[in-house]
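The following questions and answers examine the fold shown below, which is a predicted model. Each answer ends on the value or name requested.

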Amino acid sequence: MTKKLAFGLIADGNRRWAKSHNQTSLNGHQKGFEVIREVVTQTLYESDFNTLVVYGFSTENWTRSPQEVAGLMKLFDSAESWFDDLQAKEIKFKHAGRKDRLPKSLVKKLEKAEKLTENNQKFTIIICLDYGGQDEINRLVEKHGVNFESHLEVPPLDLILRTGGEQRLSNFCLWQAAYSEFVFE
């Protein structure tokens, strides 16, 4: 069977997890980051899914404390350590979202990962950084008019999992979620 299913993940609850374990918010985000890496390189890679879309940082997350935002950007910047795993497992990496507000060093690494993995075909991971469903649609309509749908950064999602207990989309892939099944943990 050819894999062709897309899985969306709203990795929520990192700060609540950290608080319940007497750790800092950034430690919670680091733990979530490690879980995502494991999910991509092991669990989903061997499933019927061929694409994982991770909601890493929303357009609304800029309102968090400057320290938390800086810590998250540093954490995303450290993802360069994943490049060898991506290549070894033939995983394509893509970024969805705005690049104009992200640190330049991070944008360079995102572009490097996209270029390095552009020919990989076994699995695709799309990280949504400075991404919002409404923002994506607005940017694409501005650029492409009513034919924006063929330019979406994220494919239609078959399944969306949200961790952390909340039962909402929080501006994640609004167009792509039209026919998704939802699981809230």
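Q: Is Glu90 buried, partly exposed or exposed?
A: A residue counts as buried under 20% relative accessible area and as exposed over 50%. The relative accessible area of Glu90 is 35%.

Q: Which residues is Glu90 in contact with, leaving aside its neighbours within four places in sequence?
A: Glu90 sits in the loop between helix H4 (83-88) and E3. Ser65, 25 residues from Glu90 in sequence, is 37 Å away in space, C-alpha to C-alpha. With neighbours within four places in sequence set aside, the contacts of Glu90 are Asn120, Gln121, Lys122 and Phe123.

Q: Which strands stand at the edges of the sheet?
A: The open sheet has six strands with parallel pairing, in the order E3-E4-E2-E1-E5-E6. A strand with a single partner has one side left without a neighbour in the sheet, and this applies to E3 (91-96) and E6 (181-184). From one strand to the next, the twist averages 20°. The edge strands are therefore E3 and E6.

Q: In E5, which residue is the bridge partner of Ile10?
A: Strand E1 (residues 5-10) and strand E5 (residues 159-162) run parallel and are joined by four bridges. In E5, Ile10 has as its bridge partner Arg162.

Q: At about what angle does helix H5 run to E3?
A: The 14 residues of H5 should span 20 Å at 1.5 Å a residue, and the end C-alpha atoms are 20 Å apart, which agrees. Helix H5 (residues 104-117) lies across E3 and strand E4 (123-131). Its angle to E3 is about 145°.

Q: Which residues touch the most other members of the largest nonpolar core?
A: This core has 30 residues, and helix H3 (residues 66-77) gives the largest share, five residues. A second, separate core of 14 residues includes Ile10, Cys128, Ile160 and Ala177. Leu129 is in contact with residues including Phe76, His95, Leu106 and Leu110. In the largest core, the residues that touch the most other members are Phe76, Ile125 and Leu129.

How values were computed: Residues are numbered from 1 along each chain as its sequence is written. This is a predicted model: local features need pLDDT of at least 70, side-chain atom pairs count only at pLDDT 80 or more; totals for chains, interfaces and linings use all residues. Side-chain values use heavy atoms; hydrogens and water are left out. Two strands pair if DSSP finds at least two bridges between them. Helices (H or I, at least four residues) and strands (E, at least two) are DSSP runs, numbered from the N terminus. Axes are lines fitted to C-alpha atoms, for helices over the stretch in contact, and angles run from 0 to 180 degrees between N-to-C directions. Contact means heavy atoms within 4.5 Å. A nonpolar core is a set of buried Ala, Val, Leu, Ile, Met, Phe, Trp, Tyr and Cys residues joined through side-chain atoms within 4.5 Å. Buried means under 20% relative accessible area, exposed over 50%, partly exposed in between (1.4 Å probe, protein chains only). The expected span of a helix is 1.5 Å times one less than its number of residues.
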